[in-house]
Amino acid sequence: MKNKITQLFNIKYPIIQGGMVWVSGWKLAAAVSNAGGLGLIGAGSMYPDVLKEHIRKCKKATDKPFGVNVPMLYPDIEKIMDVIIGEGVKIVFTSAGNPKTWTSFLKDKGITVVHVVSSVKFALKAEVAGVDALVCEGFEAGGHNGREETTTFTLIPMVKEQVSIPVIAAGGISSGKSMLAAMVLGANGVQIGSRFAATLESSAHVNFKQTIIDVKDGDTYLTLKELAPVRLVKNKFYNALQTLYKENSSIEDIKEFLGRARAKKGMFEGDLDEGELEIGQVAGLIHQIKPAKQVLEEIITEFNKVKLKMSFF
């Protein structure tokens, strides 16, 4: 399946595994890359020395291309970039920040740069900054989101009208059918997070993986727009947060309530009551924990099957 995305990353299939915090370690990235997609290590939950370890282990586990996802709102960003350069990483996905900050620096080092956006405005800014491709992430995606409530299947064609670089669809995609739909609307590839979070190789805690399986429609909600918008499963922590909103609590009170390491507590340590549980709306369609390779193969098989069937209409 050759197109602009497979050629850009030198991969077999235009499927990118989302670089999710506390979920996307070297085992998941290597498994997806070995299966023909592009695996991403999620640097957002890693200290620089931990990231270095994951990159080195990923290199040993796969001879295929892989990348690192870097949310630019996290501390130690300079040290993270030093590790990426020092370890010879060739692909970097940036998010949650101004693409001008690091794009030229990375590209001068021969690195392919992709930036995550949630609107046409930010897509245009990223293209001007010189990124090689865009991830256009809709409102239904898990984890940190843009403040705009634009859905993936609305965002993709609007961005495609305005930019000339390749576009990767993200948010609400977990199957071959949704992958085909995104590409019909103009996407050159897809980035999939939630479906890969519920795999054997995911570094998420087994309690969180089971929560993904149990989630139904309406069980997640985008909140914390005043700070860093994030889609969460409705649990005890989420309900307490909503109580603060109802009481018209200040931003400072909300920050104090959040404290530190809530995502780690929920997704990595498995505290389903007091931790942040970040997952997309598409979790309602995920019913089983499987190996990453099987997930990717099933997506491609369904994509080809449905594409062939549609050709008869």
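Strand β1 and strand β9 (residues 189-192) run parallel and are joined by 3 bridges. Strands count as paired if DSSP finds at least two bridges between them. Ile 16 stands opposite Gln 191 in β9. The model is predicted: local features need pLDDT of at least 70, side-chain atom pairs count only at pLDDT 80 or more, and totals for chains, interfaces and linings use all residues. Residues are numbered from 1 along each chain as its sequence is written, and side-chain values use heavy atoms, with hydrogens and water left out. Helices (H or I, at least four residues) and strands (E, at least two) are DSSP runs, numbered from the N terminus.

The open sheet has 8 strands with parallel pairing, in the order β1-β9-β8-β6-β5-β4-β3-β2. Its edge strands, β1 (15-17) and β2 (39-42), each pair on one side only. From one strand to the next, the twist averages 25°. Axes are lines fitted to C-alpha atoms, for helices over the stretch in contact; angles run from 0 to 180 degrees between N-to-C directions.

Within this sheet, strand β3 (residues 66-71) runs parallel to β4, with 4 bridges joining the two. Val 68 stands opposite Val 92 in β4. Of the 5 residues of strand β4 (residues 91-95), 5 are buried, so the strand is largely enclosed by the rest of the structure. Buried means under 20% relative accessible area, exposed over 50%, and partly exposed in between (1.4 Å probe, protein chains only). Ile 91, Phe 93 and Ser 95 point one way from β4; Val 92 and Thr 94 point the other way. In a regular strand the side chains alternate between the two faces of the sheet.

Helix α6 (residues 120-129) lies across β5 (112-117) and β6 (133-137), and runs at about 165° to β5. Helix α7 (residues 152-160) touches β5, β6 and β8 (167-170), and its direction makes about 170° with that of β8. Contact means heavy atoms within 4.5 Å.

The structure holds 5 aromatic pairs. One is edge-to-face: the rings of Trp 102 and Phe 105 have centres 5.3 Å apart and planes at 80°. Rings of Phe, Tyr and Trp (its six-membered ring) pair if their centres lie within 6.5 Å; planes under 30 degrees apart count as stacked, over 60 as edge-to-face and the rest as tilted. Trp 102 is buried at 13% relative accessible area, whereas Phe 105 is partly exposed at 30%. Tyr 221 and Tyr 238 also form an edge-to-face pair, with ring centres 6.2 Å apart and planes at 65°. Tyr 221 lies in strand β10 (residues 220-223) and Tyr 238 in helix α11 (residues 236-246), so this pair ties together parts that are 17 residues apart in sequence. Tyr 221 is partly exposed at 42%; Tyr 238 is buried at 7%.

Charged groups also sit over rings. The charged end of Lys 109 is 3.9 Å from the ring centre of Phe 105. That of Arg 262 is 4.9 Å from the ring centre of Phe 257. The criterion is NZ of Lys or CZ of Arg within 6 Å of the ring centre and within 35 degrees of the ring normal.

A search of the whole structure finds 0 disulfides, defined as pairs of cysteine sulfur atoms within 2.5 Å. Cys 58 is buried at 0% relative accessible area, and Cys 136 is buried at 0%.
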